[in-house]
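The following exercises guide a reader through one structure, step by step. Each task is followed by a worked solution.

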Amino acid sequence: MADLDTKPRPGASRRDFLRGSGLAAASAVISGPARAALDEAAAEAREAQDAVPVLSGQVKITLKVNGQERHTTVEPRSTLLDTLRHRLDVTGPKRVCDRGSCGACTTLVDGAPVYSCTTLAVSCQGKTIETLESFDTGPEGVPHAFHQNDGLMCGYCTPGFVTACKALLDRNPHPTLEEVKQGLNGNICRCGTYVGVLKAALAAAKSMKGA
Ligand code: FES
Ligand code: FES
């Protein structure tokens with residue numbers, strides 16, 4: 001049995017004393033197989049930590065944007081939104097709130113709508129990135145439906161709505177009004193053009209059906 005020194009040392013704080021005596025007590029009661037298992041788990045945790053590459057400085061990345069391989073250099077903390085707009089000159093996704101609450105920056109990553117202002121660019125390597133620059137602008141496309149149904153006023157939110165709408169129709173080409181509302185509920189329009197937006201989404205579904 002370990003000899004536990006329970007007297008506080010001069011200069012040691014009460015917190016240090018409690019922490020030290022707690023560890024000593026734990027060491028005293030954990031022995032044999034339990035100790036071996038703990039050591040093994042600690043070694044595995046250290047190995048896992050060492051295996052995660054720590055990125056720093058400028059990192060070269062390649063992103064597949066709108067069907068093209070784009071090469072650039074970013075800081076590891078750079079968001080997809082910043083990288084698209086400021087490094088690759090892809091300005092469809094808009095910065096409005098910049099904190100994942102309005103949806104103006106919505107971008108498709110592997111077909112799913114994401115807030116690009118809260119997505120790291122480095123995490124998008126090897127994935128397919130689509131912005132509204134690549135969408136069909138003809139009479140059967142979503143942008144046209146927004147134009148025809150007054151789905152915008154100032155337009156700040158519109159790229160995000162169009163992108164979210166495209167994602168919805170890609171996975172559900174025949175949505176009900178309720179499904180459209182749910183599909184677009186990650187986007188906010190401060191001008192309040194929701195009536196036009198919903199009409200546009202249903203109209204886009206209809207014209208895509210007729211295609
Ligand atoms: S700018 Fe990304 S959610 Fe608002
Ligand atoms: S049209 Fe102005 S914020 Fe939506």
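**Exercise 1. Determine how many helices and strands the protein has, and in what pattern they follow one another.**

Solution. Step 1: the protein contains 7 helices and 5 strands. Helices (H or I, at least four residues) and strands (E, at least two) are DSSP runs, numbered from the N terminus. Step 2: along the sequence the pattern reads α-α-β-β-α-β-β-β-α-α-α-α. The model is predicted: local features need pLDDT of at least 70, side-chain atom pairs count only at pLDDT 80 or more, and totals for chains, interfaces and linings use all residues. Residues are numbered from 1 along each chain as its sequence is written, while chains are lettered from A and ligands numbered from 1 in the order in which they are written.

**Exercise 2. State what share of the residues is buried, and what share of the contacts between residues at least 6 apart joins residues at least 24 apart.**

Solution. Step 1: of the 211 residues in the protein, 30% are buried. A residue is buried if 20 or more other C-beta atoms lie within 10 Å of its own, exposed if 12 or fewer, and partly exposed in between, with C-beta atoms placed from the backbone. Step 2: two residues are in contact if their C-beta atoms, placed from the backbone, lie within 7 Å. Among contacts between residues at least 6 apart in sequence, 57% join residues at least 24 apart.

**Exercise 3. Describe the sheet: give its strand order and explain why one side of β2 and of β4 has no neighbour.**

Solution. Step 1: the 5 strands form an open sheet in the order β2-β1-β5-β3-β4, and the pairing is mixed. Two strands pair if DSSP finds at least two bridges between them. Step 2: β2 (68-74) and β4 (112-115) are at the edges and each has a single partner strand, so one side of each lacks a neighbour in the sheet. Step 3: from one strand to the next, the twist averages 40 degrees. Axes are lines fitted to C-alpha atoms, for helices over the stretch in contact, and angles run from 0 to 180 degrees between N-to-C directions.

**Exercise 4. Decide whether D89, D110 and G151 are buried or exposed.**

Solution. Step 1: D89 lies in the loop between α3 and β3. Its phi is near 60 degrees, a positive value in a residue other than glycine. D89 has 8 other C-beta atoms within 10 Å and is therefore exposed. Step 2: D110, in the loop between β3 and β4, has a positive phi near 50 degrees. With 11 C-beta neighbours inside 10 Å, D110 is exposed. Step 3: G151 lies in the loop between α4 (142-148) and α5. Because 28 other C-beta atoms lie within 10 Å, G151 is buried. Step 4: beyond its neighbours within four places in sequence, the contacts of G151 include F161, T193 and A200.
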